[in-house]
Amino acid sequence: MNKKLLSGPYLMWMIGFIIIPLALIVLYGVTDRSGSFTLANIISITTEEHAKALWLSLLLSFVSTALCLILAYPLAMILRSRGIGQGSFIVFIFILPMWMNFLLRTLAWQTLLERNGVINGVLSTLRLPSLNLINTPGAIILGMVYNFLPFMVLPIYNVLMKIDDNVVNAARDLGANSFQVLIRILLPLSIPGVVSGITMVFVPALTTFVISNLLGGSKILLIGNVIEQEFTKGSNWNLGSGLSLVLMVFILISMALIAKYDKNGEGTAF
Amino acid sequence: MGQPLIDLRNITKSFDGTMVLDDLNLSVKENTFVTLLGPSGCGKTTTLRIIGGFERPGKGQVIFDGQDITNLPPNKRQLNTVFQKYALFNHMSIAENIAFGLKIKNKPKPYIQDKIKYALKLVNLDGFENRSVSSLSGGQQQRIAIARAIVNEPRVLLLDEPLGALDLKLRQDMQYELIRLKNELGITFIYVTHDQEEALTMSDTIVVMNQGYIQQMGSPENIYNEPENAFVADFIGESNIVPGIMLRDELVDIFGAKFACVDKGFGINKPVDVVIRPEDIDLVSPDQGSIAGVVTHLIFKGVHYEMEVMTPDGFEWLVHSTDMFPVGQNVGIHVDPFDIQIMNKPASEDEEAVGINE
Amino acid sequence: MTNRKIGFIKRIIQDFYLVIILVFLYAPIATMGVLSFNSSKSRTQWGGFTMNWYTDLFSSSTIMTALYNTLLIAFLSSLIAVIIGTAAAVAINSMDRVPRSILMGITNIPMLNADIVTGISLMLAFIAFGISLGFQTILIAHITFNIPYVILSVMPKLKQTDKSTYEAAMDLGATSVSAFFNVVFPDILPGVLSGFLLAFTMSLDDFIITHFTRGAGINTLSTLIYSEVRRGIKPSMYALSTIIFIAVLVLLLITNFAPKRKK
C-alpha cells in the first residue's frame with residue numbers, strides 16, 4: 001500500500017476549501033459587479049476613508065505587538081528560570097484565559113473601562129479624576145494586547161526552554177554577566193520564537209474588527225471593520241475582496257519573515 | 001608550590017533532601033591533572049560544578065589561590081569549563097565562539113585574532129574560523145569547546161566527561177591530545193569521568209568517589225595496585241575479592257590455604273578482604289600451587305586468555321594469562337607475595353564509605 | 001552573602017511581575033464571575049446577590065441551542081479533522097522533501113492567514129459551490145481550520161517514531177494496516193489526542209470564521225453573544241462562562257495533580 005495515497009482526502013479538502021476560496025477572493029477583487037476586470041477595488045485603498053482605516057490599523061497593531069513583546073519576553077524568561085516542572089503548571093495558568101470565550105472576555109473589559117465602570121469607580125473612591133477610557137484607540141490596544149499576549153508568550157517560552165542550560169553556563173563561565181548572557185546568547189537564540197510571536201500577534205491585530213467594535217465604539221474604523229461591513233452591510237463583495245487583497249500583502253510579508261527566521265519551525269506556539 | 005591552588009573545605013550539598021556531597025575535603029595542586037572518578041550519581045559532577053560556580057555548596061568553602069570564592073559567580077572566576085555536550089553557541093561562527101570570552105573582557109582586536117589562530121592550531125583545526133558549529137563532527141566540536149575555554153588563559157580547566165559522546169577510537173586519540181595540551185599549557189586540569197581506563201591513562205592524581213564520599217585519592221599506580229577498599233578494587237579494573245584471615249604479619253589464610261604477603265599490622269587471626277588482580281595469578285601444575293582447582297571457562301581476548309578457575313570451596317577465580325589452559329584441566333594457583341593486597345573488612349556499608357574520608 | 005540577597009530581591013521582583021500579568025489576564029474573568037451573581041441587569045451597578053441568572057441559563061432555549069450547536073460543531077469538526085489530518089501527516093511524513101514542503105506550505109496557510117480573509121473566502125466559495133449557509137457550512141469551515149492543528153501536533157510524534165518498529169512488525173508478519181494500528185498509532189496517540197484537544201478548543205473559541213459562514217437561522221455561542229452586544233448581554237451568558245471556566249479549571253487541576261505515570 002502506498003502511504004502517500006492517504007493524503008488524498010486532505011489534498012482534495014485543502015484545494016476545495018483553501019486554494020479555491022482564496023482564488024475566488026482574487027477573482028472578486030479584480031472584477032466589478034458585472035464581472036469585468038478592474039483594479040478599482042484595490043486602488044480604493046487610497047481613498048481617504050480607507051487609507052485612514054489602514055493607517056490606524058497598522059499603527060494600533062504595531063503598538064500592541066510591541067507591547068506584547070515587551071510584556072512577554074520577561075515573562076517567558078521568568079518562566080524559563082523557574083524550570084520545567086513548576087513551569088508547566090504556571091504556563092497552563094497563563095493560557096487558561098484563552099479557554100474563555102474571547103468575545104465575553106473583551107466585553108468584560110468594556111465593563112471595566114466604561115465611563116462609570118469598575119476602574120473609574122475605583123478612581124473616584126480614591127478621589128482621583130475619572131478617565132475617558134472606553135471608545136479610545138488606547139482601549140483597542142488594551143484589548144489587542146489582552147487577547148493576543150499568549151500568542152507572543154508561548155513561542156518565545158518554547159524557544160527559550162529548548163536552550164541548553166549549559167550554553168548559558170558556558171557563557172557565564174567565559175565571563176559574561178547576566179545582561180551579556182541575555183544580549184549575546186538568549187536573544188539571538190530566541191529570534192525564531194520572537195518572529196513567530198510577532199506575526200501571530202500582528203496579523204490578527206491588523207485584521208480585527210471585533211475588538212475595535214467592542215472597545216472602540218462606532219466612530220473608530222479599522223480596515224477589518226471596513227471589510228466586514230462591505231460583506232455584511234454594504235454587500236459590495238468586490239470592494240471587500242479588493243481591500244482583503246491589500247491586507248494579504250501584509251500577511252504575505254509576515255509569512256516570508258517566518259520562513260526566513262524560523263526555518264526549522266522551532267518557534268511554534270503549540 | 002606547597003600551597004594548594006584549589007581547596008574544598010567541608011563541602012556539603014543536597015538536592016531536594018538527597019545528600020549528594022557529605023563533608024567533602026579536596027586539595028588540588030597547581031599544574032596537575034586530577035581526575036574525579038566514580039559511577040553516575042557519586043557526586044563528581046556536582047563537585048566540578050561547585051568549583052565552576054554553577055552550584056553553591058550548602059555548607060563549606062571553596063578556596064582558590066588562598067581566596068574564598070564560595071559565593072563568587074562563574075563569570076568572576078579564573079577558571080573555565082569544557083561541558084559534557086560541548087555547549088557551543090550555535091548562532092555564532094567558530095571564530096566568534098572562541099572569541100566570546102575575550103570580547104567580553106574587551107581585549108583588543110588583533111590580540112583576539114592572534115588568540116583564535118593560536119587556539120585553533122593548538123587543537124589541530126587550523127583554518128576553521130568561519131565554519132558553522134553544525135558543520136563540525138562531535139570530535140571537532142569537542143576541540144572547539146576546549147579552544148574556547150583555553151584562550152582565556154584560565155589557571156584551571158574543568159572538564160565534565162568531555163569524551164563521553166565520542167566513539168572509542170576518537171576517545172583514545174583525544175586522551176593523548178588532552179595530555180599533550182596539559183603539558184603545553186602548563187595549567188591544572190580537573191577532569192570528571194566514569195571511565196576508569198581514561199582516568200588511569202591521563203591522570204597525575206585520581207580521586208575515586210562513591211555516594212558523595214571520596215573513597216581513595218592517589219596516583220594511578222597507587223589506586224590500581226593498592227585499593228583501600230572493596231569498592232575501589234572493584235571499580236578500578238577487574239579483581240578477585242576474597243575473604244581471608246590474617247594469621248600474622250605477612251601471612252594470610254584464603255580458603256584454608258596459606259599465602260605469603262607483604263602486609264603487616266592487621267593483628268592476629270583477623271578477618272580481612274584480599275584483593276588479587278586477575279593478571280597477577282600464575283597458573284601452575286596442581287601440586288606446585290597454593291590451592292588446586294579446575295579450569296571452567298576459557299575465552300580468547302586478543303592480548304591474553306581469560307579463564308575462570310573453580311577451587312573446591314566453590315569460588316571462581318578470574319585469571320588473565322598469555323598461557324592457555326583448556327577447560328577441565330586441573331591447575332594450581334600461585335600468587336607472588338607483593339601481588340596480594342590486604343584490606344580491612346568494613347564493619348558496615350556506611351563505614352566502608354566514611355572510613356577513608358579523614 | 002550579598003549575592004544571595006540580590007537573588008532574593010530578584011525573585012521578589014519576578015514574583016511581582018508574574019502577579020501583575022496574572023491580574024491583567026484574570027481581571028475580566030473575575031468581572032464576569034461577579035456580574036453573574038449581580039441581581040441588577042446593569043453591568044456597572046451592584047444590585048445584590050442572586051442565583052437567578054444560573055437558573056435562567058438552563059431555561060433559556062436560545063442559549064441552550066447555541067451551546068448545543070457549539071459543542072456539536074466542535075466535537076464533529078475535531079473528530080473529522082483528526083481523521084483527515086492524521087492520515088495526511090502519515091502520508092506527508094513518507095514523502096520526499098519537495099512535495100512535503102509544498103504540502104506543509106498549504107497546511108500553514110489557514111494558520112498564518114487572517115481569520116477574516118479565511119472566513120470571507122469560504123463564504124464566497126460556499127456561495128459559488130451552491131452550498132446553502134447553515135450548520136453544514138460552519139462545520140466544513142471549522143474542519144478546514146482544524147486540520148492544520150492536527151497535522152502540526154501529529155508530525156513531531158511521527159518524526160520521533162522509530163521507523164524500524166514498523167518494519168519489525170511487518171517482518172513478524174503483520175500487514176501494513178495492522179502494523180500501523182498496532183505499532184505506529186500507539187506511538188503517535190499523544191500527538192493525535194493533543195491535536196484533537198487543540199482543534200476542539202480552536203473551534204469553541206472561533207467567532208470570526210463562523211460569523212461569515214453561518215446562515216441566518218443558526219447561532220453558536222460566539223455569534224449569539226455578538227448579536228446580543230447591541231441590545232446588551234444577558235447576565236446568563238456570564239453565568240455560563242463562569243461555569244465553563246470553573247469546569248476547565250477543575251479539569252486542569254485534576255490532570256495536573258493526579259499521580260503521573262513515570263516515563
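# Exercises on a predicted three-chain model

Between chain C and chain A, the count of salt bridges is zero. A salt bridge here is a side-chain nitrogen of Lys or Arg within 4 Å of a carboxyl oxygen of Asp or Glu. Residues are numbered from 1 along each chain as its sequence is written, and chains are lettered from A, with ligands numbered from 1, in the order in which they are written. The model is predicted, so that local features need pLDDT of at least 70 and side-chain atom pairs count only at pLDDT 80 or more, while totals for chains, interfaces and linings use all residues; side-chain values use heavy atoms, with hydrogens and water left out.

## Exercise 1: Two interfaces

Describe the contacts and the buried area between chain C and chain A, and then those between chain A and chain B.

*Solution.* 

1. Count the residues in contact (heavy atoms within 4.5 Å).
2. Chain C and chain A bury about 7,400 Å², with 79% of it on carbon and sulfur atoms.
3. Turn to the second pair. Here 16 residues of chain A are in contact with 22 residues of chain B, and about 1,700 Å² is buried between these chains, 61% of it on carbon and sulfur atoms.
4. Identify the main contributors in chain A. A:Asp173, A:Leu174 and A:Arg184 lose the most area to chain B, and together they make up 40% of what that side buries.
5. Check for salt bridges across the interface of chain A and chain B: the rule finds zero.

## Exercise 2: An enclosed helix

Explain why helix α12 of chain A is described as largely enclosed.

*Solution.* 

1. Helices (H or I, at least four residues) and strands (E, at least two) are DSSP runs numbered from the N terminus. A residue is buried under 20% relative accessible area, exposed over 50%, and partly exposed in between (1.4 Å probe, protein chains only).
2. Apply them. Helix α12(A) spans residues 223–232, and eight of its ten residues are buried, so the rest of the structure largely encloses it. Among the buried residues are A:Ile223, A:Val226 and A:Phe231.
3. Find the cover. It includes α3, α10, α11 and α13 of chain A, and also α5 and α9 of chain C.

## Exercise 3: A covered strand

Which strands pair with β9 of chain B, and in what sense?

*Solution.* 

1. Examine the strand itself. β9(B) covers residues 205–210, and six of its six residues are buried. B:Thr205, B:Val207 and B:Met209 point one way, while B:Ile206, B:Val208 and B:Asn210 point the other way.
2. Look for partners; two strands pair if DSSP finds at least two bridges between them. Strand β3(B) (residues 33–37) runs parallel to β9(B) and is joined to it by four bridges; B:Leu36 has B:Val207 as its bridge partner.
3. Consider β10(B) (residues 213–218), which pairs with β9(B) in the antiparallel sense over five bridges.
4. Inspect the link. The two strands form a hairpin with two residues between them, and B:Gln211 in the turn has a positive phi of about 50°.

## Exercise 4: Charged pairs in chain B

Determine which residues of chain B are joined into one network by salt bridges that share partners.

*Solution.* 

1. Begin with the total: the whole structure holds 19 salt bridges over all chains.
2. Take B:Glu177 and B:Arg143, whose closest N and O atoms are 3.2 Å apart. B:Glu177 lies in helix α5(B) and B:Arg143 in helix α4(B), so the pair ties together parts 34 residues apart in sequence. B:Glu177 is buried at 15%, and B:Arg143 is buried, also with 15%.
3. Take B:Arg180 and B:Glu184, whose salt bridge is 2.9 Å, N to O. These residues of helix α5(B) are four residues apart, about one helical turn.
4. Take B:Asp204 and B:Lys182, with closest N and O atoms 3.8 Å apart. B:Asp204 is partly exposed at 38%, whereas B:Lys182 is buried at 8%.
5. Conclude: B:Arg143, B:Glu177, B:Arg180 and B:Glu184 are joined into one network.

Notes:
Buried area = accessible area lost by both parts, 1.4 Å probe.
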